[in-house]
Amino acid sequence: MENWYLMQNATNYNLIKDMSEFSTIQKIILANRDTVDEYSLNTFLNPLMKNMHSPLLMKDMEKGVDVILESMRKGQKILIVGDYDQDGVSATVILYKGLKFIYDEVYYSIPDRIEDGYGINNSIVDKACEDGIGLIITCDNGIAALDTIQYAKDKGLTVIVTDHHEIVVKDNIEYLPNADAIINPHQREDKYPFKMICGALVAYKFIESIQIMYGNMLGFDRSSVESLVQFAALGTICDMMPIINENRIVVIEGLKQLNFRNNLGVDALLNEMNWTKDVDIYTVGFLIGPTINASGRIYTAKLGVELFLEENIEIVKEYASALVELNNERKKMTKDSVELAISRIEDENIDKNDIIVLYENSIHESICGLVAGRIKDRYNKPTLILTDATEDGLIKGSGRSIKAYNMFERLNQFRDDYVAFGGHEMACGLTLEKNKLAYIYKSLLDNSHLQSKDFMKEIEIDLTLKFSQIKSEIIKEIEFLEPYGFGFRSPIFATKNVNVVNASILGVNRNVLRLVLSDGTDTHQAVGFKLEDYVKILNKDNIKDTDDLEKLKGQNIDIAYKIGLNTFNGYTNIQLEILSIR
């Protein structure tokens, strides 16, 4: 069962109640998402690229541009050092393509997840020196690589850091790398008005700044820069940046470009996945992103970069095919590992603890985060999944958390005990000596400060409706605020005391519950995708066979749901997607 909460942010609503541009329901949705400032509201009315924040507001941006222009003037080779996830791949593509518009001597490197670990490292620096590199630009990494960047500086290299991760802070002191320019909106002295942007967007801002400052001199036009926003959108969605403020503009414009499918890699990948519908947030977050990430997990992220850079269509098709095959392998690995993890967790009663920590050496380190996410979703408890590292005596893994538990803050208390650690309040990655795990786990459990209510899943309801209010107009009002996604979720409504008029089971696997419901004012169709849960709730365990649906009829229930349209056999009708029943 979930806890239902009716959101009523009257303070926010009163700030925008007189705005004629939005309907009452739209104002309620915006107020409940704390989206009431003038700039954010304008991103719904005028989501135009020209309305994005100036990149020159970011600390060290102009300095970084001058550093790279000086490097170009000297004819130095430039190396981009990215990361192995979708955001790092996108950031690398943006910097590479952007710089290639104006300069030839540009190269890139992506660390190997297993051999190198996250971000720039000494071996990459050594290879750069061997290759005659003069300037290194990091993207989606580097802000915490203090030792490695000092190593690069000692080797005589120039270094620009572009990143979006949190700054290392100890005793209220910021620890920053000794780079020639640091471009990261999380720096305390940074005046950029919006901090929650991905690494790819920081990279985009850097290329944009080059065009703004020296575009006329370099023959670098604005349209070339804006052609890269599709990759910034990939990074924004896949790195789960909130779809608010200027991120909305990036995602809206980026999805337009992705739907043009003018990048050979994008087109080939969608064709390989047999995707013929529009590219939307679902397509990016659940199809494109995981497929690109799969290469970095079990092969090399360079395959993802090359997919977007290669201009030979036959080679691009080969890359796309290989990526989809790798993702299918990743899916099986994840499924098997999740099943193993659940079996061990329940056999050993680990799920009874406030925090779930599982060390399992058969789980591939590249999917620890995926497994942790699935386990967290199942039990709604903070979860750490750990496995053996390549170095003897070390284990490494990833964590995923719940709303009530700031994972970064709690685990950061043991920073001195880790070999490596990073993350944010809802996720983390760490490496530690195996013999320290028991001590850290016990300390976390002893100081979890979690209560039973914290483990209850929450349904945040925007508004209660009568069925007679659910018309095509309300769907248009909801659609006007699209796209919905992380940080700006789609609206949830509730109706009490509705009567089950009819019930049936749908789907190839017969796992979808279809109901016809009436609240006395109107009748609507509804579907629910948690069949076993709903049948159990509706029938109080009286039904042994889910085909025996007659007993469902006539029951009165409360439902929480989303509103959408369903098209079947050429007919379109309003359909409710049930999220919770009580």
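This is a predicted model: local features need pLDDT of at least 70, side-chain atom pairs count only at pLDDT 80 or more; totals for chains, interfaces and linings use all residues.
Which residue is the bridge partner of I395 in strand 13? The legends below take up this pairing and other close-up views.

Residues are numbered from 1 along each chain as its sequence is written, and side-chain values use heavy atoms, with hydrogens and water left out.

View 1. Strands (E, at least two residues) and helices (H or I, at least four residues) are DSSP runs, numbered from the N terminus. Two strands pair if DSSP finds at least two bridges between them.

**View 2. Strand 11 pairs with strand 10 and with strand 13.** Six bridges link strand 10 (residues 383-388) to strand 11 (residues 394-400) in the antiparallel sense. Within this pair, I385 stands opposite S398 of strand 11. Strand 11 and strand 13 are also antiparallel, with seven bridges. The bridge partner of I395 in strand 13 is L432.

**View 3. A hairpin of two residues joins strand 12 to strand 13.** The two strands run antiparallel and are joined by six bridges. G423 stands opposite C428 in strand 13. Five of the seven residues of strand 13 are buried, where buried means under 20% relative accessible area, exposed over 50% and partly exposed in between (1.4 Å probe, protein chains only).

**View 4. D519 sits in the loop between strand 17 (512-518) and strand 18 (523-528).** D519 is buried but has no salt bridge. A salt bridge is a side-chain nitrogen of Lys or Arg within 4 Å of a carboxyl oxygen of Asp or Glu. The nearest side chain of opposite charge is that of K466, 7.5 Å away; Lys and Arg count as positive and Asp and Glu as negative, while His and the chain ends are not counted. A polar atom of the D519 side chain lies 2.9 Å from the backbone nitrogen of F467. The side chains of D519 and T521 are joined by a polar contact of 2.7 Å. A polar contact is a pair of N or O atoms within 3.5 Å; within protein, one must be able to donate a hydrogen and the other to accept it, and residues adjacent in sequence count only if both atoms are side-chain atoms. Leaving aside neighbours within four places in sequence, D519 is in contact (heavy atoms within 4.5 Å) with K466, F467, T495, N497 and V498.

**View 5. E346 forms a salt bridge with R378.** The closest N and O atoms are 3.4 Å apart. E346 lies in helix 15 (residues 313-347) and R378 in helix 16 (residues 368-379), so the pair ties together parts that are 32 residues apart in sequence. E346 is partly exposed, with a relative accessible area of 35%, and R378 is partly exposed at 48%.
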